[in-house]
Amino acid sequence: MDPSRISLRQFHLPDVDDFLKWASDDKVTRYLRWNTITSREEALSYLQKVAIPQTYRRSICLDDRSIGYVSIKPGSGNDKSRARLGYAVSAEYWGQGIATAALKMAVANAFTEFQGLVRVEALVEVENVGSQRVLEKVGFFKEGLLRKYGFCKGEIRDMIVYSFLSTDMIK
């Protein structure tokens, strides 16, 4: 995949149909905390109320069409030195290096965008091996297993915690 075709930008309401295409896919939303989007109206509402207002939730774009998202949520107060990373890419584009390229861009931006940020962390379900590989390709460090840590889709699941520090190098 030509990296020049991949970009990050804020979501816009006209993204609704592209967003719905991947956000309605159970394979894509399987490991996400939010449920599969089932209608255009629900997609529009999600963009308006969640994606657009969030401080750092970017559309992963291929030729300026939304094919996924990356979010970075900084902590507050004593936790403002760290942030949580989340992302998803349309199953149609899995295995093409798009998620890796997008996360490299997002992580590089995070340390300049959020003053005082020292650590970006990601929690990945044990079964989500593809996502673990993406994080490792970016340069995230696998810290360990958090047993029965994350609640997702009605279950408490084991999670692996990954981190990337401001002093780390993107691969």
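Okay, to get us going: is Leu146 buried, partly exposed or exposed? Its relative accessible area comes out at 26%, so Leu146 is partly exposed. The cut-offs matter here, because buried means under 20% and exposed means over 50%, with partly exposed in between. And before I go on, please keep in mind that this is a predicted model.

Let's stay with Leu146 for a moment. You'll find Leu146 in strand 6, which covers residues 141-152. If we skip its neighbours within four places in sequence, Leu146 touches Leu123, Arg157, Asp158, Met159 and Val161. Now look for Ile37, which is 109 residues away from Leu146 along the chain.

Next stop, Ser163. This one sits in strand 7, residues 155-165. Ser163 has a relative accessibility of 3%, so Ser163 counts as buried. What does the side chain of Ser163 join in a polar contact of 2.7 Å? That would be the side chain of Glu143. Glu143 also turns up in the list of residues that Ser163 is in contact with, leaving aside neighbours within four places in sequence; the others are Arg119, Val120, Glu121, Phe140, Phe141 and Asp168.

Let's step back to the record. UniProt, in an unreviewed entry, places the feature "domain: N-acetyltransferase" at residues 6-171. Over that stretch, residues 6-171, the chain is 30% helix and 36% strand.

Now some helices. Helix 1 runs over residues 16-23, and six of its eight residues are buried, so helix 1 is largely enclosed by the rest of the structure. Which residues of helix 1 are the buried ones? They are Val16, Asp18, Phe19, Leu20, Trp22 and Ala23. The cover over them includes helix 2 (26-29), helix 3 (40-51) and strand 3.

Helix 1 and helix 3 pack at an angle of about 105°, and their axes are 9 Å apart. That angle makes helix 1 roughly perpendicular to helix 3. On the helix 1 side we have Val16, Asp17, Phe19 and Leu20, and they meet Arg40, Ala43, Leu44, Tyr46 and Leu47 in helix 3.

Here's another pair: helix 4, residues 98-113, and helix 5, residues 129-138. They pack at an angle of about 50°, with axes 9 Å apart. Helix 4 and helix 5 are therefore oblique to each other. The crossing of helix 4 past helix 5 is right-handed. Helix 4 brings Ala99, Thr100, Leu103 and Lys104 to the contact, while helix 5 brings Val134, Leu135, Lys137 and Val138.

Last bit, about backbone angles. Most residues other than glycine have a negative phi. With that in mind, have a look at Asp63 and Asp64. Asp63 is not a glycine, yet its phi is positive, about 55°. Asp64 isn't a glycine either, and its phi is positive too, about 65°. Where is Asp63 found? It's in the loop between strand 2 (57-62) and strand 3 (65-74), and Asp64 lies in the loop between strand 2 and strand 3 as well. As for accessibility, Asp63 has a relative accessible area of 46%, so Asp63 is partly exposed. Asp64, at 48%, counts as partly exposed too.

That's me done, so over to you.

Methods:
Residues numbered from 1 in each chain as written. Predicted model: local features only at pLDDT ≥ 70, side-chain atom pairs only at ≥ 80, totals over all residues. Heavy atoms only, no water. Helix = DSSP H or I, 4+ residues; strand = E, 2+ residues; numbered from the N terminus. Buried < 20%, exposed > 50% of the residue type's maximum accessible area, 1.4 Å probe, protein only. Polar contact = N/O pair within 3.5 Å; in protein donor to acceptor, adjacent residues only side chain to side chain. Contact = heavy atoms within 4.5 Å. UniProt positions renumbered as here; feature names shortened; annotations may be inferred. Axes fitted to C-alpha atoms, helices over the stretch in contact; angles between N-to-C directions. Parallel < 35°, antiparallel > 145°, perpendicular 65-115°, else oblique. Left-handed = near helix turned anticlockwise from the far one by under 90°.
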